[in-house]
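Good morning, colleagues. Please take a moment with the sequence and the model, and then I shall go through the side-chain contacts.

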Amino acid sequence: MATRTPSLGGLDRGEWGWTIFEFARAPAATIIFMFVFAPYFTRFVVGDTVKGVEYWGMANAIGAVLIACLAPVIGAVVDRMGRRKPWLILAVVLLAMAEGSLWFALPSGQGGLSWRTIVMVLALSAFLVEVTAMLHNAMLDTVAAPAQAGRLSGFGYAASNAGTLCALGAMLVFIVLPASGTILIPGMGIGQWLDAASHQHDRLAGPYAAAWLVLFTVPFALLTPDKPASGVPVFKAVTEGVAQLWETVRRARSMANIGRFLLARMIYNDAIIALQAYAAIYGASVFGWESSDILIFALMLATACALGGLIASRADGAIGSRGVIVYGNFAIGTMLILMVSCSQDQILFVPVTSLLRGTSLFALPASLPEMVFIIAFLVLGAVATMVLVSSRSLLVKLCPPGMATQFFGIYSLSGYATAFAGHALVAGVTAASNSLTLGIASLLLLLTIGLFLMREVREERAEPVVSPAIA
């Protein structure tokens, strides 16, 4: 690990470079896959909302298959080659090219890329987003000692949410609002010159996210240290990497502790992913939110998650990574119960009087139950970020020396192998009960199973696994 040189905020140059990449990468995912391009694609590119949702799900499913099949292998091969930064920069360049091409995703009937081509571009983008995360996460053991991994991981997640907040805020002020005729800063409303008929303000999401990614990857490339090259040729690295991965799988029973953690993380992560996906849907369904309300909520949530990352950087060192995960999942369950107990006129399933309605929360008009729902989800978002922070730092503490990239590849696989479970549980319970409230509440089952599995997880490093083909 590189010699530490204290710098701004107690982080050295390498740690700052590693952290800034989170600021660069997050908008590449959130702008495309959550808040801007996703609703545009489903509503306007396909021309049929139902078909649009189907094709969007197809793109994410293909991306998930690519991740499940290739991420562990890529991780094992990169571990054998030593250096991670060149491969990460290559993935960034490919991701920027893929997302930049979405400018040509014109509305239905106006030409441009076909929906099939767009689906493949989105699937490739989803895969590359996860590859960049895997390689970046693996570099955590290069820039920080295991005891400091939680602190730096927390700063990273805070920077990630800060990146989302800044990128979304800038897009809202300079592009989206001016495109609808609202100019907050005279002379800076780029959106007013875009063609609304061809949805240029929506299509700009691709090049915008790509430019943000490339721009803020530069400090990472200049500041962050890397492992030295192993000198192993590419072909040999592939054969030895695959052999190493197979040996890891073959000897899985000897690493039961890390296996239990990856299984637990896979399950509680499913619940967290589903909660994030259905928060805006629940708000729109129960409280009648419009698109502007959802965007304001998204900005508030990004702020809360950034604070959660900063808190986690302290909490991880105070009570340990496992402690943050266990207590955090319990808190998420509590906030989930509070959220689903709120409706237009109820809190904790108890009716509230009309005298308590008509208040507001920041810029979002809200009744009292709505305010309670929003606050509960902001707390849930902050705590969920803390759980994600400590999950990453716990893997750094558990994985065998010299195998970080391989295990973060498996970590990526575990994050997608059953990612459908949370969605399927919500959909199934909602359909059976005809109640979105019960559907979302069913995620308590996944949180409980995750907590049960975490009982046996210990914070101790696994022994290294060496394939006979390498030895």
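A residue is called buried here when its relative accessible area is under 20%. Please keep in mind that this is a predicted model.

With that cut-off, I begin with helix α13. Of its 31 residues, 28 are buried, so the helix is largely enclosed by the rest of the structure.

The partner of Lys397 in a salt bridge is Glu459, with 3.7 Å between the closest N and O atoms. Are the two partners buried or exposed? Lys397 has a relative accessible area of 15% and is therefore buried, whereas Glu459, at 41%, counts as partly exposed. Together with Asp316, Lys397 and Glu459 are linked in a network of salt bridges.

How many salt bridges does the structure hold? The count is 6. In general terms, side chains of opposite charge can pair when their charged atoms come close.

Another of these bridges joins Arg83 and Asp226, at 4.0 Å from N to O. This pair links distant parts of the chain: Arg83 sits in the loop between α3 (49–81) and α4 (85–100), Asp226 sits in the loop between α9 (205–223) and α10 (234–250), and 143 residues separate them. Arg83 is partly exposed, its relative accessible area being 39%. A further bridge brings together the side chains of Asp79 and Arg84, at 3.5 Å from N to O; both Asp79 and Arg84 are buried.

I turn now to the aromatic residues. The structure holds 10 aromatic pairs. One of them is formed by Phe21 and Phe220, whose ring centres are 5.1 Å apart and whose planes meet at 45°, so the pair is tilted. Phe21 lies in helix α1 (residues 13–35) and Phe220 in helix α9, so the contact ties together parts that are 199 residues apart in sequence. Phe21 has a relative accessible area of 0% and is buried; Phe220 is likewise buried, with a value of 0%.

There is also an aromatic cluster, made up of Phe23, Tyr208, Trp212 and Phe216. A charge is found over a ring too: the charged end of Arg203 sits over Trp103, 4.3 Å from the centre of the ring.

Finally, the nonpolar cores. As a general remark, nonpolar side chains tend to be buried together in soluble globular proteins. Which residues touch the most other members of the largest nonpolar core? Among its 88 residues, they are Phe261, Tyr268, Ile332 and Leu395. Helix α11 (residues 256–287) gives the most to this core, contributing 15 residues.

Leaving aside neighbours within four places in sequence, Ile332 is in contact with Ile272, Leu275, Leu380, Val383, Ala384, Val387 and Leu447. Apart from this core lies another, of 36 residues, among them Tyr40, Val45, Trp56 and Ile118.

Thank you. I would be glad to take your questions.

Conventions:
Residues numbered from 1 in each chain as written. Predicted model: local features only at pLDDT ≥ 70, side-chain atom pairs only at ≥ 80, totals over all residues. Heavy atoms only, no water. Buried < 20%, exposed > 50% of the residue type's maximum accessible area, 1.4 Å probe, protein only. Helix = DSSP H or I, 4+ residues; strand = E, 2+ residues; numbered from the N terminus. Phe/Tyr/Trp six-rings, centres within 6.5 Å; stacked < 30°, edge-to-face > 60°. Lys NZ or Arg CZ within 6 Å of the ring centre and 35° of its normal. Core = buried A, V, L, I, M, F, W, Y, C linked by side-chain atoms within 4.5 Å. Contact = heavy atoms within 4.5 Å.
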